[in-house]
Amino acid sequence: MSQTKVKCPNENKVTLASLAAFIIPSLLGVLLFLVPVNYDGKMTVILGILADSLKSILADNIGYFTTFIFVTSALFSLIYSLLPLHWAEKTPYLQQLFKTTPIWLILRVLGGVVSTFTLLQIGPEWVISQDTGVTAFIDVAGIIFCLIGIGCLLLPLLTDYGFLEFVGVLFRKGFQKIFGLPGRSTIDVLASWVGSSSIASLLTIKQYETGFYTMRESSVIVTNFSVVSVPFVVLTANVAGISEYVFLLYGAMITICVLCAIITPKLPPLSNLPDEYYPPVGKQIHEAVQDDGSTYKWALDQALKRADSSPGPKRMLKNGSLSMVDLFFTMMPAAMTIEFLALSVYHHTSIFHVIATPVVPILELLGIPMAYEAAPGVLVGLLDQFVPAIIAGGIDNPLTSFVLAGLSVTQLIFFAEIGILILRSKIPLNVSKLVAIFCIRTCISLPILALIGHIFI
């Protein structure tokens, strides 16, 4: 990796206006997303309080709101995926949102149909029951829409005003030494930790396909650093019924993800990947590093540069709204449908329990209560990231619930979202390799989560 040394631009004057443009939004973002507060006797973050308040306002109407989203996504996806292309091209933004592949179209349409049946309580009991349709399309979907909706609107406070650049430069050298990755990947990692794992995955994919990461680097980053965001950790803790342990869960996630990022790349299949750039574009990275001046000054300079080009309040809300709409109408219907299918199989068949039988003695060895009930949650995370947390919410033991919730935020390879994004990309990871990485991460995560749970719960 070649680097171009540049001098820390001391000639750039630091003005009060530029400092304010960096510090004020960044501090607001930190307060909203990262600072723990005690609310109703439990520790949470302000974002979680805002989401709970919104859900309380919607109250019994939440089902109508979520069903509207799913039905609208299904109808528009049918229209834009089946109508002649020349008609759809007249509305490019809607075409980008709703024109999709046959598999995703089926998932969205199924989501629209099942959510309607669930809201109206018509149809087979296994479809519309509390354990399946109501949980996936009303309860969990309602929580996600409130939390992620507010998160999308306010997340730019952390991502667009220099905070990531400031922190990224401060930790860059250590990141290079520990993980052997380019300094610029620090920003990708931080963006995923406070933002969205799917967006972080797309950024990594783009970096590989444009010649800024090698095959090995992109594969390591997309399978180890596209972790869940702060809002999702809060959401997972709430769904699993362990909201009082949200910061323990977040600390465990960081610890385990760092260990996985150190260990997993040293094992096959990641260790077998070459440090070669995507052939059609070749190597494009020429990373600039500071030549003089302190790291802190360099970090501040990069943060101020980002703040100077940051969006104003109106554009920030507009960009956040577009991200929210994209997530609501494209990713959520498919994700909730996969979750519904997984819950249906879990509650109305013994398939997951049969497959997970070898996991039961392992959980018992680790001292995890209700091992038989928890075992499917260890494996079902391969399909959907949320189902282990839902299973945890139905288990009346905080230690077991904590372990399952921890798996849902540390396994990372789930085919409802990240897996599909990777498989559709040019990154050379197939299904068997992703399954292998999932198993490695699970083997690392499970005993650590059990140990943390036994000590602190």
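Buried means under 20% relative accessible area, exposed means over 50%, and partly exposed is anything in between. Keep those cut-offs handy for the close-ups below, which come from a predicted model.

**View 1. Asp275 and Arg216 join up in a salt bridge.** The N-to-O gap here is 3.0 Å. Asp275 sits in the loop between helix 15 (246–263) and strand 4 (287–290), while Arg216 belongs to helix 13 (residues 215–224), so this pair ties together parts that are 59 residues apart in sequence. Arg216 comes in at 18%, which makes it buried.

**View 2. Arg306 reaches Asp160 in another salt bridge.** Their closest N and O atoms are 3.3 Å apart. Look for Arg306 in helix 16 (residues 295–308) and for Asp160 in the loop between helix 9 (156–159) and helix 10 (163–179); the pair therefore links parts 146 residues apart in sequence. Arg306 is partly exposed at 26% relative accessibility, whereas Asp160 is buried at 15%.

**View 3. Lys305 pairs with Asp301 inside helix 16.** This salt bridge spans 3.9 Å from N to O. The two residues are four apart in the helix, so about one helical turn separates them. Lys305 is partly exposed, with 46% relative accessible area, but Asp301 is buried at 10%. If you've been keeping count, the structure holds three salt bridges.

**View 4. Helix 3 packs against helix 17.** Here you're looking at residues 62–82 (helix 3) and residues 313–348 (helix 17), whose axes are 9 Å apart and meet at an angle of about 100°. Are they roughly parallel or roughly perpendicular? With 65 to 115 degrees as the range for that label, they come out roughly perpendicular. On the helix 3 side, find Phe65, Ile69, Phe70, Thr72 and Ser73; they meet Phe328, Phe329, Met332, Pro333 and Met336 of helix 17. Sort the residues of this contact by type and you get eight nonpolar, two polar and no charged.

**View 5. Helix 1 runs from residue 16 to residue 33.** Its 18 residues reach 25 Å from first C-alpha to last, close to the 26 Å expected at 1.5 Å a residue. Several of its residues are buried, including Phe22, Pro25, Val30, Leu32 and Phe33. Ser18, Ser26 and Gly29 are buried too.

Key:
Residues are numbered from 1 along each chain as its sequence is written. This is a predicted model: local features need pLDDT of at least 70, side-chain atom pairs count only at pLDDT 80 or more; totals for chains, interfaces and linings use all residues. Side-chain values use heavy atoms; hydrogens and water are left out. Axes are lines fitted to C-alpha atoms, for helices over the stretch in contact, and angles run from 0 to 180 degrees between N-to-C directions. Angles under 35 degrees count as roughly parallel, over 145 as roughly antiparallel, 65 to 115 as roughly perpendicular and the rest as oblique. Contact means heavy atoms within 4.5 Å. Ala, Val, Leu, Ile, Met, Phe, Trp, Tyr, Cys and Pro count as nonpolar, Asp, Glu, Lys and Arg as charged, and the others, Gly among them, as polar. The expected span of a helix is 1.5 Å times one less than its number of residues. Buried means under 20% relative accessible area, exposed over 50%, partly exposed in between (1.4 Å probe, protein chains only). A salt bridge is a side-chain nitrogen of Lys or Arg within 4 Å of a carboxyl oxygen of Asp or Glu.
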